[in-house]
Amino acid sequence: MKLKQFYIVIFLACVSLVVARPIAIPVDLQNATISFVVSDVKTGKNVLEHHSNQTATPASITKLVTTATALELLGGDFRFITTIAHDGSLSNGILTGNLYVIGSGDPTLGSAYFKDENFLTNWCEQLKKIGIKEISGNIIADARIYDDEAIPVRWTWEDMGNYYAAGVYGISLFDNTTRITLRSKEVGSTPEISSIEPQIPNLEIVNYLKSTNITFDSAYVYGMPYENHRYLRGEIPAHRDKFVIKGDIPNPPLFLAEQFKQELIKHTIAVKGLATDKVPPYVTRTTLFEHQSPRLGEICKITNFVSNNNFAEHIFKHLALQRSPLATNTLAKDVILNFWQKKGINTQSVSLNDGSGLSPMNGFSANFLNEILCYMMRSKNSHLFLETIPRAGTEGTVKNFLNDKCIKSTIRAKSGSMKGVQTYAGYIQKTDAIYSFCVIINNYNGSRTQVRKTIKHWLSPIIK
């Protein structure tokens with residue numbers, strides 16, 4: 001063999017080692033949009049790939065972008081701070097003036113995920129220790145740190161009013177969720193509303209639900225932020241003494257002020273004024289105490305483990321405060337994309353309309369998220385970020401994904417799904433290497449179960 005031919009052979013052999021292997025596309029995915037990549041984190045080389053720069057709807061794996069950015073910019077020890085303050089004077093147990101709850105966008109106030117349902121009782125006890133027996137003014141919820149666009153503009157009408165699409169506010173509580181308990185009778189009848197928890201003053205519910213032969217929840221709650229009208233539509237199973245559906249809280253800041261006033265009176269602290277979310281012109285306010293949220297690392301873990309949209313959206317919006325004292329969704333998006341662009345990641349084809357992935361108008365490629373995943377393994381926050389992602393086959397929303405006993409790798413993954421969309425992203429940890437991966441499939445034919453089997457088949461050369 002001539003020397004020139006020898007070098008050509010060697011060159012082609014080297015190329016074959018670094019070029020990612022293609023994947024086989026089954027018949028039911030022939031017309032689907034697929035963006036897929038697996039990379040060796042240490043070398044950064046792609047080992048499996050299919051149209052990895054193709055933009056597609058990512059659904060809930062968007063939360064990985066949100067939480068990674070937040071951990072990098074704010075740190076895992078960051079805590080949201082809610083401030084209790086007044087604008088008057090305190091003498092002989094009487095607070096002459098207004099009492100304020102000044103929000104910072106904390107999504108965990110009263111959250112069931114952190115067993116914090118009694119936070120208002122704790123606040124009242126702290127006020128009693130200070131010596132307050134009477135408040136002459138109003139209880140005011142100041143949520144102005146976030147703008148009043150509670151719902152991202154690209155969310156769909158069918159989601160608004162449901163618990164998983166609750167609005168984003170400078171003050172939120174009880175996971176911004178109401179539990180509506182229903183009693184259903186014969187098929188074709190309208191279920192009766194037994195109770196609503198928590199009770200929301202002046203909430204009007206128009207009930208168009210029907211009892212049918214289904215065995216699952218097909219009920220939806222419809223309504224807009226700040227409006228006290230909610231509409232129930234769809235179906236629930238017939239002949240159920242107790243069937244719970246969940247909706248949003250229409251105006252969490254006002255509701256908190258109302259709940260706080262009730263709790264103060266219950267603790268024998270008289271309140272002469274109103275409960276309101278209308279903030280008067282600025283006056284000097286004196287801090288009485290502060291309420292701290294759990295650490296951001298813990299909040300991000302809940303966000304990714306159970307795919308919590310409410311937490312994700314509050315984290316997303318809070319990132320806007322890196323650039324402005326007023327948080328907006330547009331600024332939040334710019335902060336995120338600018339951050340990753342400065343890290344050398346191409347963001348030109350990325351469309352972010354929210355932080356949770358609920359918007360069907362979101363779009364990015366597998367490569368975009370995969371590069372973030374690779375970066376996070378080099379970050380000082382690598383271990384913390386990894387702990388926010390559930391182990392496949394064991395935890396969270398991926399408990400039933402890749403749960404075969406023959407799989408030897410440890411796989412951490414975030415799932416995403418909506419109509420016609422199935423996505424996964426995360427890490428494959430082996431004894432000798434760590435791989436990052438992202439798969440986004442849109443507009444597939446066939447069942448979701450079959451799509452998951454195909455994804456497992458694609459990953460099998462790595463995970464076994």
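**Close-up views of a predicted model**

View 1. Residues are numbered from 1 along each chain as its sequence is written, and side-chain values use heavy atoms, with hydrogens and water left out. On a 1 Å grid over the protein atoms alone, a pocket is an open set of points where a 1.4 Å probe fits, with protein on both sides within 12 Å along at least five of seven lines, and lining residues have an atom within 4 Å of a point. The lining includes Glu-158, Tyr-164, Asp-217 and Lys-246, and strand 13 (218-222) gives the most to it, with three residues.

View 2. The strands, which are DSSP runs (E, at least two residues) numbered from the N terminus, lie in the order 10-9-15 with antiparallel pairing, where two strands pair if DSSP finds at least two bridges between them. Strand 10 (192-197) and strand 15 (243-248) stand at the edges with a single partner strand each, so one side of each is left without a neighbour in the sheet. Six bridges join strand 9 (residues 177-183) to strand 15, and Thr-177 stands opposite Asp-248 in strand 15.

**View 3. Helix 8 (residues 366-376) is mostly covered.** Ten of its eleven residues are buried, meaning under 20% relative accessible area (1.4 Å probe, protein chains only), among them Phe-368, Ile-372 and Tyr-375.

Terms used. This is a predicted model: local features need pLDDT of at least 70, side-chain atom pairs count only at pLDDT 80 or more; totals for chains, interfaces and linings use all residues. Buried means under 20% relative accessible area, exposed over 50%, partly exposed in between (1.4 Å probe, protein chains only). Helices (H or I, at least four residues) and strands (E, at least two) are DSSP runs, numbered from the N terminus.
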